[in-house]
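Please consult the sequence and the structure shown below while reading.

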Amino acid sequence: MPHDHQTLTEAIHRALGEVIDPELRRPITELGMLRDFSVDTDGHVTVEVLLTVAACPMRGVISSDVKAALAPIRGVSKVSVVLDVMTTEQRTALKEQLKGSKGRVIPFNDPSSLTRIYAVTSGKGGVGKSSLTANLASAMAAKGLRVGIVDADVYGFSIPGLMGIDQAPTRMDDMILPPVAFGVKVISTGMFISGNKPVVWRGPMLHRALEQFLRDVYFGDLDVLFIDLPPGTGDIAISISQLLPQARILVVTTPQSAAAEVAERSGLIAAQTGQLIAGVIENMSWLELEDGRRMELFGSGGGATTAERLSSELGEDVALLGTVPLEPLLREGGDRGRPLVTADGAAGASPAAKALRDLAAALASRPLGLARRPLGISPA
C-alpha cells in the first residue's frame, strides 16, 4: 500500500499500464496515449490522455477504464481524466510503431506471420456459415486467443449484427481501427453502409474493398483470422485466393444432399486456386427433443459425403471436423447479437455451444504448416 507521494505515483503509473485501448488492444502507456498525470496533496489524480482522433468512439470507455484502474489505490481520493488529441506527428509515429515502415501491405502475407487464416465458405446460403464464423471466433477469443473476422460477404453481410456491433470503425488517417466485440476484431462492409441499403458493386470494386480491409485495417498480431465468404465460387472467393493464398478453406454444409452437393463445389475451388482445405463442418445436423431423441430434419450424412467427395476429387484427406445440432438458442443468440458460446447457464452448456467450442479448440490447435506460404528464401 502506498504511504508517500513517490510510492503513490509509482502505483498510479503501474495501474495506468494496465489500461488497454479498446481498439488497439494494447496499454495506453505503450501507445503514447498517456501524456502525463499528476496527483495533489489531497489525493486528486489528473490524467491527461491523448486520443488517436478527435471523434474517437471509445473516449468514454477509455475515461471510465482509467478511473476504474486508479480508484482502488490507497491514497487516491478522486480521478479526473482530461482528453486531448494526438498531433499529426504523434499519429504518424504511432502508425509506424504499429505497422512498421513496410508501407501499405497485407501483413498476413509476411513470411513471419503466424496467423492461421480460415476462409469459411458454403455452396448455398442459409446453412449458418456466418453464425458458425461468429461463434467459432468468439469461442477462440474467450480462450485468450487474438482473433479477427473479415466479413467478405459484401452483398449479404451479417457479421456485425451477429456480433452485436453498431459502432463504426475509427479512421486514423489511412489506417482503420476495427470495432471489437467479445474480444474479436471485426470489419465489414456493413459498417460503412447507412441503413439497410444494398451494395451494388462489380468484381473490381469488390476486390479493391477486400484488399483495403486486409491492407489498411489494423488487426495487430492475430492468432486466427476468419474470412466469412459469400456462398458459391464467385469473384470474392477468387479474390481471397489471390490476396491470401495461404488461407485454408473451411466448408460448411447441412445434412441435406442438395446442400452437400453444392458445398462440394465450393470446396473444389481449391483445385483451381491451389489452396488447402481445413475440413468440413456439418451444421443443423439434428434437433434434440425434450425426451433426448434426435430428429434429423434435413436428413443425415451430408457432411461426411462432402468430406469423402472432396477427398476423392482433390487427392488429399479432407476431414469432417464436427457436427453442430440445430438449436433455437443458436438462432436467438444471433438475433440478440450475442454468440451462443458466450452465454452463461443452460444456454452456454447446450449441445450446440459445446460442439462449437470443441470445433474452435480443434481449429485453434491445428499446426500452421508451411504449405502455400512464401518463405522469402532465394537460392544462392
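This is a predicted model: local features need pLDDT of at least 70, side-chain atom pairs count only at pLDDT 80 or more; totals for chains, interfaces and linings use all residues.

**Helix H10**

The buried residues of H10 are Gly302, Gly303, Thr306, Ala307, Leu310, Ser311 and Leu314. Viewed down the axis of H10, these buried residues fall within an arc of 165 degrees, and therefore they line one face of the helix. An α-helix has 3.6 residues a turn, so residues three or four places apart point the same way. On the other side of H10, Glu308 and Ser312 are exposed. The elements against which the buried residues of H10 pack are listed here.

| Element packed against by H10 | Residues |
|---|---|
| Strand E11 | 248-253 |
| Helix H8 | 257-267 |
| Helix H9 | 269-273 |
| Strand E12 | 277-288 |
| Strand E14 | 320-326 |

After H10 comes Gly315, which has a positive phi, near 70 degrees.

**The three-stranded sheet**

Three strands form an open sheet in the order E1-E2-E3, with mixed pairing. Strand E1 (34-39) and strand E3 (78-85) are the edge strands, each pairing on one side only. From one strand to the next, the twist averages 15 degrees. Strand E2 (residues 44-51) and E3 run parallel and are joined by eight bridges. Opposite Val82 in E3 stands Glu48. Helix H2 (residues 59-70) lies across E2 and E3, and runs at about 145 degrees to E3.

Conventions: Residues are numbered from 1 along each chain as its sequence is written. Side-chain values use heavy atoms; hydrogens and water are left out. Two strands pair if DSSP finds at least two bridges between them. Helices (H or I, at least four residues) and strands (E, at least two) are DSSP runs, numbered from the N terminus. Axes are lines fitted to C-alpha atoms, for helices over the stretch in contact, and angles run from 0 to 180 degrees between N-to-C directions. Contact means heavy atoms within 4.5 Å. Buried means under 20% relative accessible area, exposed over 50%, partly exposed in between (1.4 Å probe, protein chains only). The arc is that of the directions from the helix axis to the C-beta atoms.
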